[in-house]
Amino acid sequence: MEENIALEVRGVGRTFSDGTVALKDISFSIRKGEFAVIAGSNGSGKSVLMSLIAGLDEPSEGTITLHDCQAGLVFQDADSQILGETPEEDIAFGAKNCGLTKEQVKKRVDSVLSETGLTYKRDAYARLLSGGEKRRLAVAGILAMDRSLIIFDEPFANLDWPGVKQVCGIMKQLKEEGKTVLVLTHELEKVLALADRFLVLDKGHLVFDGTPESGLAADLESWGIRNPMTSYKSIKEMIWL
Ligand SMILES: Nc1ncnc2c1ncn2[C@@H]1O[C@H](COP(=O)(O)OP(=O)(O)OP(=O)(O)O)[C@@H](O)[C@H]1O
Ligand SMILES: [Mg+2]
């Protein structure tokens, strides 16, 4: 086995008790420090795959191995990730679980609040944050835990343009720090420039695994993914039909 593999997925399938086959025979591996974008339309199996990688659910077939790393997750549903009353408390919660001293926790909370643009909300009631603010809070919580593998499930949902730029900036920094990053999304135009690897799920099958360049040359639309090279030249073109 190669030394530098962070995540190995071998022959993984997931069939639910109601008979839904969410994933079928998925195999791929991700190297340490690699930035992978996994695309797929609604229902293609992205979130199910993330739960399996995170160990929140068990595959029906196959194996998933994480090599000397713990995964940090930013969930698609930002609400489900809030544990503290306030952003400060919420972020500290994760950081405390990493064995840091009180001083270190405070320093880390300050720094991630500022990185995610949430300092002004540090003492607000976390449940009342806007959708985009909740997502930034989820990102802040993961940053505070300083994990070596970070998985983002639809990280751009609910984010406005400054919010997307902020999250992309954080992802870029994680990449520069040598972290392994997996981004599950169908919004390629927001993140593909950071990717070293590009994978596509379609109806539970892994239908593409290659470089971002070769992925853009593939027939993405047949898998329900919008090709990000599409551009608009007039108002008439600004409708997704
Ligand atoms: N607990 C479950 N029981 C039965 N079916 C499930 C369960 N969880 C997920 N599924 C099904 O598995 C398939 C994949 O779901 P998943 O949430 O992974 O899709 P996704 O790619 O994340 O979609 P989206 O882009 O909408 O977030 C769907 O058909 C979904 O209905
Ligand atoms: Mg999903």
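**How the terms apply to this predicted model**

Tutor: Among the protein's contacts between residues at least 6 apart in sequence, 68% join residues at least 24 apart. The model is predicted: local features need pLDDT of at least 70, side-chain atom pairs count only at pLDDT 80 or more, and totals for chains, interfaces and linings use all residues. Residues are numbered from 1 along each chain as its sequence is written, while chains are lettered from A and ligands numbered from 1 in the order in which they are written.

Student: What makes Met50 and Leu182 contacts of Ile151?

Tutor: A contact needs the two C-beta atoms, placed from the backbone, to lie within 7 Å. Leaving aside neighbours within four places in sequence, Ile151 has such contacts with Met50, Ile53, Ala54, Ala71, Leu73 and Leu182.

Student: Why is Tyr120 called exposed?

Tutor: Count the other C-beta atoms (placed from the backbone) within 10 Å: 20 or more is buried, 12 or fewer is exposed, and in between is partly exposed. Tyr120 has 10, so it's exposed. You'll find Tyr120 in the loop between α3 (102-115) and α4 (131-145); helices (H or I, at least four residues) and strands (E, at least two) are DSSP runs numbered from the N terminus.

Student: And how many of the 241 residues count as buried?

Tutor: 40% of them.

Student: What makes something a nonpolar core?

Tutor: You need buried Ala, Val, Leu, Ile, Met, Phe, Trp, Tyr and Cys residues joined through C-beta atoms within 7 Å. The largest such set here has 65 residues, and Val37, Ala140 and Ile151 have the most contacts inside it. The biggest share of that core, 8 residues, comes from α4.

Student: How do you know that β1 and β2 pair?

Tutor: Pairing takes at least two DSSP bridges between the strands. β1 (residues 5-15) and β2 (residues 21-31) have 7 and run antiparallel, with Ile5 bridging to Arg31 in β2. β1 is also joined to β4 (residues 61-66), by 5 antiparallel bridges; there, Val9 has Ile64 as its partner.

Student: Why is the protein called as compact as a globular protein of its length?

Tutor: The protein has 6 helices and 9 strands. Its radius of gyration is 18 Å, close to the 18 Å that the globule rule gives for 241 residues, so the label holds. That radius is taken over C-alpha atoms, and the rule is 2.2 Å times the number of residues to the power 0.38.
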